[in-house]
Amino acid sequence: MTSFVQEALAVHPQRVGWASRLGVFMAGACHALALSPMVAAWGSWCPALLQSLALSGLLWVLAPFRTPRQVAGLTWLYGTVWLLGATGWMYVSLHTYGGLPFWLAGAAVGLLCMALSAYMALLGWVWARWRMGVWWRDALAWAGLWLVVEWARAIVLTGFPWGASGYGLVDSPLVVLAPWVGVYGMGAIWACLLALVVWSWRREEALAVRGMGLGLASLAVLGCGVLRQFPAAVDFTRPHGGPLSVSLLQGNVPQDEKFREDRQVPMLIWHGQNLLASRSDLVIAPETAIPLLPSQLPPDYWAQVQAGFGESTGRAALIGIPLGDFQRGYTNSVVGVGPGHPAPDPESPRAYQYSKHHLVPFGEFIPWGFHWFVRMMNMPLGDFRRGPLVAPSFEVKGQRVAPTICYEDLFGEEIAARFTEAGRAPTILANVSNLAWFGESVAIHQHLQIARMRSLEFQLPTLRATNTGATVLIDHQGRVASSLAPNTRDVLHTVVQGREGVTPFAWWAGRWGLWPALLAGLLCAVLGAGSRRARPAH
């Protein structure tokens with residue numbers, strides 16, 4: 001085995017052979033595997049370690065190659081394998097529930113991952129053009145370009161940053177950086193530290209240089225680890241008000257039953273009974289827990305729900321339900337009921353409403369020119385209207401609860417827009433989701449990583465009420481405080497303490513989005529590249 005690995009990494013400086021391609025393929029597969037629940041079960045430190053070994057393998061292979069074309073090809077291969085492994089669950093929604101033929105669903109996922117990996121190819125091409133041959137400058141340029149391409153994947157064409165490198169670090173010492181630089185800044189710093197170590201050793205530098213590269217990286221990780229042991233030293237938020245008792249519903253409704261008429265009555269009964277049975281201050285039902293428009297609900301259904309959360313009860317609820325009609329269009333929404341919101345129906349002006357802002361391409365809105373593709377699928381309500389970017393919080397006993405719906409908690413910079421006024425900033429984050437579209441895949445685990453990162457970035461607790469999982473309470477340090485087993489029908493009863501305050505990430509991302517991250521990445525890339533005159537000839 002040792003000789004095989006040595007052969008795989010001993011790449012020829014002028015030619016990309018099978019060994020180097022195989023080494024990069026294996027590295028990309030390990031990066032994807034690091035985002036799976038199987039690796040997390042080995043130990044909390046295992047995902048970050050495996051992901052670090054994966055990128056180290058890529059950096060080791062790249063070191064001797066000189067031409068941009070060679071490096072771009074290898075980084076594209078790494079990115080394609082990484083994203084296929086991290087987002088292959090999309091096949092389930094397209095084939096099993098969307099109705100696409102297996103070959104077309106597989107081709108769609110493969111082509112998407114190959115296209116998104118063009119960003120990685122661009123990273124490799126530009127880095128190979130700009131590299132100085134000086135280990136620390138090349139590492140700085142690599143980190144800057146890594147930040148730029150992850151920014152591009154998060155922003156361009158509405159963005160699809162699922163599987164970004166920072167999510168694999170959610171249990172690493174580097175998480176202390178999350179409230180400062182966010183998930184993409186964490187990923188760039190991690191990429192820089194690995195490049196410092198690998199390239200100081202791969203290029204047969206002097207022993208002192210090797211020690212410097214390893215020492216700088218070790219000192220950074222050790223410093224973050226020490227800070228992590230003293231969370232009060234880096235806390236930007238503080239407890240706000242009294243704790244809330246909360247009930248989170250997990251209906252576990254299979255996606256192929258969700259819109260069947262013969263299954264909707266039992267589904268409505270289960271959610272209605274558990275909404276009314278809970279004595280908690282706040283009850284949350286998942287995305288489209290009520291899968292019907294208000295006009296389609298049985299008579300008096302909503303009136304009974306509203307009566308259970310009247311002024312005298314002191315209780316409140318957030319309930320996922322689609323709103324709208326053919327003339328106005330439809331929204332994927334959450335409706336709030338309770339004291340201060342005496343709404344006779346979900347679309348009453350007196351009802352609290354949050355409508356999803358960041359919609360899923362093809363699932364919730366149809367990009368121009370692709371209606372033919374959506375007609376091949378069986379997704380109801382496939383073209384929604386967007387809600388506002390900055391929506392008011394839902395107030396419950398002095399706490400300001402900020403809802404997001406499913407996929408949009410992937411975009412921390414959009415959540416940050418709610419923090420520009422400290423006195424109105426959320427004190428609790430709440431995400432309602434339905435991942436039944438993706439079956440019993442790694443998507444549930446990965447979405448939990450994403451939610452944990454949002455809690456770390458904003459140092460706020462997160463409540464997640466989901467159809468199939470993961471239904472959890474996450475504390476302000478990104479730890480899962482209580483949870484339900486995925487793919488079960490149950491109700492999670494827990495207590496959450498809201499917090500007030502604004503982290504540095506919330507402050508700058510709330511005002512300028514991810515543009516400061518792009519500028520920082522470009523600056524690092526330029527500083528690492530230096531002048532063309534100083535660059536050695538390849």
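Is C192 buried or exposed, going by its relative accessibility? Keep that in mind as you look through these close-ups of a predicted model.

**View 1. C192, a cysteine without a disulfide partner.** C192 comes out at 17% relative accessibility, so it counts as buried. The nearest cysteine sulfur belongs to C524 and sits 7.5 Å away. A disulfide here would need two sulfurs within 2.5 Å, and C192 is in no disulfide.

**View 2. C30, a partly exposed cysteine.** With 27% relative accessibility, C30 falls in the partly exposed class. C30 has no disulfide either: you have to go 13 Å to reach the nearest cysteine sulfur, which is that of C46.

**View 3. An open sheet of 6 strands.** Read across the sheet and you get β6, β5, β4, β3, β2 and then β13, with mixed pairing. At the edges are β6 (352–355) and β13 (490–496), and each of these pairs on one side only. From one strand to the next, the twist averages 30°.

**View 4. Strands β3 and β4, paired in the parallel sense.** Now zoom in on two members of that sheet. To find your place, look for V283, which stands opposite A317 in β4.

**View 5. Helix α13 lying across the strands.** This helix spans residues 261–277 and lies across β2 (244–250), β3, β4 and β13. Compare its direction with that of β2: helix α13 runs at about 170° to that strand.

Technical notes:
Residues are numbered from 1 along each chain as its sequence is written. This is a predicted model: local features need pLDDT of at least 70, side-chain atom pairs count only at pLDDT 80 or more; totals for chains, interfaces and linings use all residues. Side-chain values use heavy atoms; hydrogens and water are left out. Buried means under 20% relative accessible area, exposed over 50%, partly exposed in between (1.4 Å probe, protein chains only). Two strands pair if DSSP finds at least two bridges between them. Helices (H or I, at least four residues) and strands (E, at least two) are DSSP runs, numbered from the N terminus. Axes are lines fitted to C-alpha atoms, for helices over the stretch in contact, and angles run from 0 to 180 degrees between N-to-C directions. Contact means heavy atoms within 4.5 Å.
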